[in-house]
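Please open the model in a viewer and follow the stops below in order.

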Amino acid sequence: MRDFSRRRVLQTGAASAALSLLPRAGWAQEGSGTETHGLSSFGELKYPPDFKHFDYVNPAAPKGGTLAIQIKQTLGNQNFDTFNTLNVFVLKGDGAAGMAGTFDTLMAGSGDEPDALYGLVAKSVRISDDKLTYRFTLRPEARFPDGSRLTAKDAAFSLNILKTKGHPIFTQILTQLASAEAESDEVLRVQFTPQRSRDLHLVVAGMPILSERYWQGKDFEASTLEAPLGSGPYKVGRFEVGRFIEFDRVPDYWAKDLPVNVGQNNFDRIRYEYFRDRTVAFEAFKNGTLNFHEEATSRTWATGYDFPAVREGRVKKEEVPNTLPAPIQGWYFNTRREMFKEPRIREAIGLAFDFEWTNTNIMFGSYRRTTSFFENSDMKAVGQPSQEELALLEPFRDKLPASVFGEPPLPPVSDGSGQDRQLLRRADELLRQAGCKREGGVLKLPSGQPLTIEFLDSSPFLQPHTQPFQNNLKRLGIDARSRIVDAAQYQQRLNDYDFDMTSRALVGSTTPGDSLRTVYGSQAARTPGAQNLAGIEHPAVDALIETIGKAKSRQELNIACRALDRVLRSGHYWIPMWFKASDWLAYWDQFSRPETKPRFASGAPGTWWYDAEKARRIGRG
């Protein structure tokens, strides 16, 4: 899960195929009643108070050039396919890409650490003995682009309005924020409730800072094409609704020389292009309209890079290892639908997806099957539960399936034929056990209604993967079909939970916490626009999320996450898809990069810079 402060306009690492904002944060152990220059989950900070810059940047990186890309991760109401508002902090509208880069935060993250923040607008923070009060001391030189001073009043206003009127992602993540107020222009006092989670202070430190003066007399919850007054390293430039938006670097940005910014924000202009079709987007990369591209299509990666610019060395491609937790990608059941309330029905439907055939025939064997909600991490449940896990699970034994207390459920391994008869027989048995009946070629629910499933999406990209799956469902008597709608309608239907099944990839986190509540918590299941697509409402899930949020060590965190993983996997709330532990990057050879990459990211393209000599060499100078 990502914090706002590390998102900016660019990630420090190549973006995963993800659709959600999931902030990363942690519990401070730096010293009760003491002042600190940084915050981390478990008290560990790599960089000292007098550090000059992060180790993975080039402090002498030149400024210049244009980076032309597509949106790869979303914030608030952002949409992959279009935009119609520049207010990305509320539920209404489809927010424009890149807006995070126009706002500063109290603290900013490091790509070398899984959960650390260092001073940006706030130069330090003093923590009370009970860790319920945080006093952030703001830098007096902090400014908005119009020259007006950024004060603690702006920071307090931002937290309060995001909590009360922001997108559900913000309102839920800030539930345990009791108050935020300015003690002076330079001191922000933040008070948490006694039930506060481990994460909350870093969530607060990573929230965008808005201008109170700008928003006076304006409707914060409305859509707008007027760029809100920001505080960050970029400002909104030219844009055309639904087609592109540009961000211009602020040359006199007040914080450009702070350690957390040195060697970053190197491009004079960042341009986001919108394409509703991946094939068209790839053609735009081939002709140079886009100059940096993270490839997400295995067929294109395997066969599409044999064009002249690649053969001539003007376009480079590389695979970069990724050690981060894998995206939580799959088809999600909407358990608010009566037909999906029975877990055996959900499990049976999952048996009809033949990953082995799909991976071999459609994805060139490039992927591994996702089996966990914490895939590619130490938080993944494996084998029998430990005594520590059992201690967390036992209070809910009568509310949980027996599988939670044994080996965690794994997706089936098929014979690779695309129509594994043994798996389909197992699915048929589960459906009958759940009270379903076959009448001719139609499977009927216990209510007597035919079981029909609509797979909702805004793009046909996954159709080659979905259609063979649907064909197998039809062999079980299930009427399964796809519905492709435009991006705005798709987002509205997700906000209203008006779907049967849909696919989504949520960014994984090295240090999960509060943000799990927005994805799996019971309150989120009842909140329109939240991220709990599956509609999970379970007391064990809620309790384990609280335990995760209060974990005082990495060991405690891993134990609680493994317990949660067992509960979620046994619930069959999704059909897991696939992942790869690497990023596929392609780019026109007009960039240079630091010699060292951040430990927890690829560094691309956030730490890169435009190289004028390389650009001239390939005819793009």
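**Stop one: histidine 538**

Select histidine 538, which counts as buried because its relative accessibility is 12% (buried means under 20% relative accessible area, exposed over 50%, partly exposed in between, with a 1.4 Å probe and protein chains only). This is a predicted model, in which local features need pLDDT of at least 70 and side-chain atom pairs count only at pLDDT 80 or more, while totals for chains, interfaces and linings use all residues. Residues are numbered from 1 along each chain as its sequence is written, and side-chain values use heavy atoms, with hydrogens and water left out.

Now display the surroundings of histidine 538. Leaving aside neighbours within four places in sequence, histidine 538 is in contact (heavy atoms within 4.5 Å) with Lys399, Leu400, Ser522 and Tyr573. A polar atom of the histidine 538 side chain lies 3.1 Å from the backbone oxygen of lysine 399.

**Stop two: aromatic pairs**

The whole structure holds 39 aromatic pairs (rings of Phe, Tyr and Trp, the last by its six-membered ring, with centres within 6.5 Å; planes under 30 degrees apart count as stacked, over 60 as edge-to-face and the rest as tilted). Select phenylalanine 282 and tyrosine 305, an edge-to-face pair with 5.0 Å centre to centre and 65 degrees between the planes. Both phenylalanine 282 and tyrosine 305 are buried.

Next, select phenylalanine 455 and phenylalanine 469, which are also edge-to-face, at 5.6 Å centre to centre and 80 degrees between the planes. Phenylalanine 455 counts as buried at 4% relative accessibility, and phenylalanine 469 at 1%.

Technical notes
A polar contact is a pair of N or O atoms within 3.5 Å; within protein, one must be able to donate a hydrogen and the other to accept it, and residues adjacent in sequence count only if both atoms are side-chain atoms.
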